[in-house]
Structures are given as structure tokens and as C-alpha cells.
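Let's take a walk through this structure together. Keep the sequence and the 3D view side by side as you read.

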Amino acid sequence: MASQTSTKKSRSRRGPSRKRNTKIKNGKAPEKKKVFNRLVENRLIEKVDYEEYRDTVREVYDGKQGAFLLACSVLSLHAPLGERIFSTRKFDLSGKKRILDVGSGAGQIAKHLTKHADADASITCFDISPGMVRRAIRRIKSDRPNYLVADLTRLPFADGTFDCVTCGYVLEHLPDPEIGLRELHRVMQPGGSMLLLTTEDNFGGAWTSRMWRCRTYNRQALRELCKSLGFEWKQEIWFTRVHKIFRAGGICVELGKQ
Ligand SMILES: C[S@@+](CC[C@H](N)C(=O)[O-])C[C@H]1O[C@@H](n2cnc3c(N)ncnc32)[C@H](O)[C@@H]1O
């Protein structure tokens, strides 16, 4: 397990802006959220600078709450239903040879990758939390993935390294999603695909935000931002029809790098 973490000093020099950022840049319109959602949502991400927020996120996931992440994914059905996205080829892994799993957590998505990716595909998993990386290694029990500790805002990979990216519920941990999305765009090959899942600004999303101290996204604003960064918003995916009717499970979209 390689480590890509650096000192606090160098993080603050090279890291994202310390300015409060509640808007999606390039998404133009500020997000309008329902009053109730605003009351429930956790606001830490707006109140402190990125380095402090990131340290808190790392502590949360390294600690006891992180140990319950997998149980939460199973109870919310995200882990079992997530596999269907790959097994039914709604998001098609065939032909993908260099796959990056962002913020792997307990390996919820990475485990599906080891089952459904081509046998000769390489799988790279990273997370900001060393504790979560250890949990993923213990859970996946496969020597296929490479693991490292790294930050989505500063990826230690060369331009165009990957033809496929999976990013499940990580973008909500960035005050400014543009920085993370730009990094993912940079490390993707032209024509590459990304499965992006993130927390939506609705009732369910507000409670997720409270529990995991993350932000939420407005679907339309995120779509505009992705388009402005050179991603094609290819298809919106729902775990089940029930999820679609109740707008549950968050935003799940296939993006293409043009
Ligand atoms: C909700 S879990 C998602 C786990 C898994 N991807 C899934 O789909 O269930 C979020 C993970 O993102 C990681 N994370 C948060 N901010 C990150 C960052 N800036 N860079 C890399 N990983 C990050 C957390 O440590 C945590 O393991």
C-alpha cells in the first residue's frame, strides 16, 4: 500500500482554495435547496478550510464510523444493488483495461470490479483514509487491485492513465467539485467512461450529509458543471424503478470524456 499523503504545510500550499465555497463553479446558478434540507444538512464543509475538513473526513472514516460504512451500504442496499449496474452491463466494463476506483471505502465498488471487469484489466483503488484502505484489502481478499492512499484533489497519476473510473459517493466530500472532476478528467483517456455516484440535494441526501458530514449536489447544476469540464452526461442510472420514482439512491450517472 503506497502512501501519497503529505505534510499539512505542503497541503495548504498546493491544496484547493481556502475560501468558503457553497456554489458549484461554472454551474452558474447557485443551488436552491428546500428549507428543510438546509436545516438537516451538515454545514462543516462550508465552515472550515479544505485541509481541516479533509482531516476530519479522514478521522471519521479511519475511526469507528468508518468501520460501520460497509454495514450502512448493505442496509441501504447500495452494495447489493450496485453490483447489478455492472452485472447487467448498465455500466459496461468490457474492454476496459485500466480501471480506477476513487475513494474505495470498504471496497464496495472495487469488489464488483474484481468480479465483472475483464480478467486482464488492472484495477487501482485509492482512498484518503488509510483505515478504509486496510478494510478494503481485508474484505476484497483478491490480489488483483493495487491500493494506495491519495487525495482526489491531487491524483498521483499521469495524464490519460485510465480508460475507466468509478467514483462512488466521494465527490460530496469536496467543497469545490470542480477540482476533483478536473483531476479525474486529466487522468482519463479520451473516450474513457466514468461511473459517478453522489449525494443529491433531497430529503434522503440531507440525512446522508448529516451522517457523513458531506455536502449534496443539485443534479442540474452538477450536469452543467460536468459538461463545462468536457464530460458528456451519457446516461442517468437508477438502482431500481422504485429508486427512480422516489428519486432515491442519489445521482448515478455515466460520464464520458470527450
Ligand atoms: C461514502 S464512502 C464511499 C465508499 C465506496 N466508494 C462506495 O461507493 O460505497 C466515501 C469514501 O471516500 C473517501 N474520501 C473522502 N474524501 C476523499 C478524498 N478527497 N480523496 C479520496 N478519498 C476520499 C472516504 O475516506 C471514504 O472511504
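Strand β7 (residues 231-236) and β8 run antiparallel and are joined by 5 bridges. Here, strands are DSSP runs of E with at least two residues, helices are runs of H or I with at least four, and both are numbered from the N terminus. Two strands pair if DSSP finds at least two bridges between them. In this pairing, Glu 236 sits opposite Val 253 in β8.

A quick word on the model: it is predicted, so local features need pLDDT of at least 70 and side-chain atom pairs count only at pLDDT 80 or more, while totals for chains, interfaces and linings use all residues. Residues are numbered from 1 along each chain as its sequence is written.

Back to β8, which also pairs with strand β6 (residues 188-198), antiparallel again, over 6 bridges. There you'll find Thr 198 opposite Ile 251. Is β8 (residues 251-257) mostly covered or uncovered? Mostly covered: 5 of its 7 residues are buried (20 or more other C-beta atoms within 10 Å of a residue's own, with C-beta atoms placed from the backbone).

Now look for the ligand. It has 21 residues around it, and Gly 103, Gly 105, Gln 108, Gly 168 and His 173 come nearest (a residue is near if its C-beta atom, placed from the backbone, lies within 6 Å). Two or more residues each come from α4 (50-62), α6 (69-75) and α8 (108-116). The largest share, 3 residues, belongs to α4.

Notes: A residue is buried if 20 or more other C-beta atoms lie within 10 Å of its own, exposed if 12 or fewer, and partly exposed in between; C-beta atoms are placed from the backbone.
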